Amino acid sequence: MSWQSYIDTMKTADQSGTVPVAEAAICGIAPGQESVWVSTPGLQGISVDEIKKLGSKDRSSFAQNGVYIGGTRCRLIRDQMDMEPVYALDLKTAADAEGNTFGVCVGKTKTAVVIAKGTKDASGGQISNKVFNVVEHLRKAGM
């Protein structure tokens with residue numbers, strides 16, 4: 001399975017018939033090799049520094065300062081990155097020019113972070129379910 005196929009899978013309709021994921025990316029987090037492996041156009045701008053912070057064990061500043069993904073500031077909703085079997089952060093973007101905010105979920109494996117930004121009407125649960133499925137698959141594959 002190619003990395004693009006994981007993105008394509010996240011961007012399919014869920015059991016409710018809606019497509020909850022608007023943008024997605026998978027980034028490598030191995031020290032010194034942090035990079036975007038695959039992404040949709042809206043998440044192509046994820047920086048190495050952002051990847052390092054998302055993959056770090058120290059997320060203590062996220063609650064107060066937020067975290068950036070592709071230059072967009074996100075506030076922390078829930079940190080379950082070290083909690084089995086979840087391994088995820090639930091975030092919310094700052095409001096855009098039209099006042100819209102979007103849910104973001106970041107899941108973590110041993111070697112990667114899986115990022116999904118939701119559509120305007122998607123719930124956090126819909127987005128995190130899509131990320132969870134990819135993270136679970138990659139973890140079972142030893143990644």
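Predicted model: local features only at pLDDT ≥ 70, side-chain atom pairs only at ≥ 80, totals over all residues.
Is Lys140 buried or exposed? At 69% relative accessibility, Lys140 counts as exposed.

Side chains of opposite charge can pair when their charged atoms come close. In this structure the count comes to five salt bridges.

| Asp49 | Lys53 | 3.2 Å |

Asp49 and Lys53 are both in helix H2 (residues 48-55), four residues apart, or about one turn. Asp49 is partly exposed, with a relative accessible area of 43%, and Lys53 is partly exposed at 43% as well. Glu136 and Lys140 are four residues apart in helix H4, so about one helical turn separates them. Glu136 is partly exposed at 33% relative accessibility.

The pair of Asp79 and Arg59 links distant parts of the chain, 20 residues apart. Asp79 belongs to strand E4 (residues 72-80), while Arg59 sits in the loop between H2 and helix H3 (62-65). Asp79 is partly exposed at 33%, whereas Arg59 is buried, with a relative accessible area of 7%. Salt bridges also join Arg59, Asp79 and Asp82 in a network.

Helix H1 (residues 3-10) has Ser5, Tyr6, Ile7 and Met10 as its buried residues. Their cover includes strand E1 (21-28), strand E2 (35-39), strand E7 (112-118) and helix H4 (124-140).

Key: Residues numbered from 1 in each chain as written. Heavy atoms only, no water. Buried < 20%, exposed > 50% of the residue type's maximum accessible area, 1.4 Å probe, protein only. Helix = DSSP H or I, 4+ residues; strand = E, 2+ residues; numbered from the N terminus. Contact = heavy atoms within 4.5 Å. Salt bridge = Lys/Arg side-chain N within 4 Å of Asp/Glu carboxyl O.
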